[in-house]
Amino acid sequence: MRVYTRQAVPGVYPDGLARSVHVSVRWQDGPEEPLNADYGILFAEGLIRENNTICPKCVADARIAAREDGTYAITARRVEEDGSEEEESRGKLLLWLTKDFITFTSCGLVEEKEAERERELPRADTVWVKEEICARALLYWGKLEHTAIRLPEQATVSSRQELERIGALAVYSDGSAAEKKVEWDCSCVDFETEGEYEIKGRVKSPRYPFPLDQGWGDPVVFFWEGKYYSIATNDNRDDVGFYVRKADRPEELFEEDRKRYVILDYDEEREFIQTFWAPEFHEIGGRMYLLFAVGPKKWGPQCWMMRLKEGGRITDAGSWEEPVRVRKKDGSFLCEQGITLDMTYLKAEERSYVVWSYRDGINSPLDTGSMLLYRADR
């Protein structure tokens with residue numbers, strides 16, 4: 001395995017990405033294969049200044065070594081985004097530990113002398129790693145590819161309908177598999193006459209246009225009570241209004257003549273004026289919610305949500321309860337200055353979380369940049 005940083009390419013691969021830890025497999029007497037399509041895998045964590053702005057950090061001089069416990073240590077100096085020295089971390093190194101080059105444990109900044117005493121300080125950019133570990137890492141970080149089609153060698157059927165229910169199993173490079181329908185050629189089969197028939201078939205692999213739709217950002221597809229729904233930011237109408245599509249199958253959502261239902265539109269009275277952004281459907285506590293951002297006449301999107309009424313229809317604007325701006329537990333809004341947007345919901349280990357993006361001081365020296373904040377509840 002080799003660890004390294006890359007040269008920045010203006011407009012293509014900026015400093016903040018190039019000055020991260022990249023990893024590649026260097027086969028003996030063979031080619032060098034980068035993990036993650038030669039993009040960075042390990043990054044220095046940025047800092048928050050006293051004025052609440054982000055101070056990005058990067059890495060330099062990546063090194064790697066094997067440890068006595070069978071794991072591997074990767075270190076790097078923490079530097080500024082432009083590659084210049086950083087005084088705060090002088091005499092310290094960023095340290096990551098891994099056993100498989102798939103998952104990494106960040107140890108943060110450690111004293112350089114302490115790392116030397118524990119023999120955890122790598123002195124080279126290359127280390128010998130077992131072939132099976134390299135192969136698994138390449139598989140994990142590589143591009144997913146189709147590798148095989150599996151079919152039953154024999155099947156007993158009495159009708160065309162029964163035959164059509166027999167499918168194929170598509171196998172992929174990561175070991176996963178997916179069932180596929182098969183278009184069988186039944187021209188040589190007489191379903192009225194018992195016997196053995198050898199038939200051929202073609203795995204159905206429909207192709208879809210790219211892009212599926214135009215003028216719609218932040219798209220979401222959601223399955224609810226037997227139907228598929230899609231919703232997105234409406235760039236075709238200056239980011240105003242939320243439009244929903246409904247279909248029996250995902251691919252039908254993007255048919256040209258598929259009807260769009262408006263469930264929330266421009267409303268001066270409620271000050272829903274602009275930046276109808278990043279809507280997301282979520283099932284929370286067994287109820288359907290829409291999380292979104294919207295802004296008043298003075299530009300400044302904020303996080304809102306609305307809940308579907310009991311027995312209501314997603315596509316019916318009247319089936320939704322009155323939207324509410326998201327507040328913290330103490331009753332205050334998520335922020336009094338700046339903007340909030342892109343809220344999402346997740347549940348982990350029986351705890352519910354909402355995560356959103358916060359930013360203040362836009363286009364000023366005190367621009368905080370986009371920060372992800374979260375709140376948790378039982």
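**Close-up 1. Asp238 is an exposed residue of this predicted model.** Its relative accessibility is 67%, over the 50% cut-off, so Asp238 counts as exposed. Asp238 sits in the loop that runs between strand S16 (227–234) and strand S17 (242–247).

**Close-up 2. Tyr13 and Tyr39 form an edge-to-face pair.** The whole structure holds 13 aromatic pairs. In the pair of Tyr13 and Tyr39, the ring centres are 5.5 Å apart and the planes meet at 75°; an angle over 60 degrees counts as edge-to-face, so the pair is classed that way. Tyr13 belongs to the loop between strand S1 (2–4) and helix H1 (15–18). Tyr39 belongs to the loop between strand S3 (32–34) and strand S4 (47–48). The pair therefore ties together parts 26 residues apart in sequence. Tyr13 is buried, at 3% relative accessible area, whereas Tyr39 is partly exposed, at 46%.

**Close-up 3. Phe272 and Trp304 also pair edge-to-face.** Their ring centres lie 4.9 Å apart, with the planes at 90°. The pair links distant parts of the chain, 32 residues apart. Phe272 is in the loop between strand S18 (261–264) and strand S19 (274–284). Trp304 is in strand S21 (residues 302–307). Phe272 is buried, with 1% relative accessible area. Trp304 is buried too, with 16%.

**Close-up 4. Three aromatic residues form a cluster.** Tyr72, Phe101 and Phe104 are linked by ring pairs.

Note on methods: Residues numbered from 1 in each chain as written. Predicted model: local features only at pLDDT ≥ 70, side-chain atom pairs only at ≥ 80, totals over all residues. Heavy atoms only, no water. Helix = DSSP H or I, 4+ residues; strand = E, 2+ residues; numbered from the N terminus. Buried < 20%, exposed > 50% of the residue type's maximum accessible area, 1.4 Å probe, protein only. Phe/Tyr/Trp six-rings, centres within 6.5 Å; stacked < 30°, edge-to-face > 60°.
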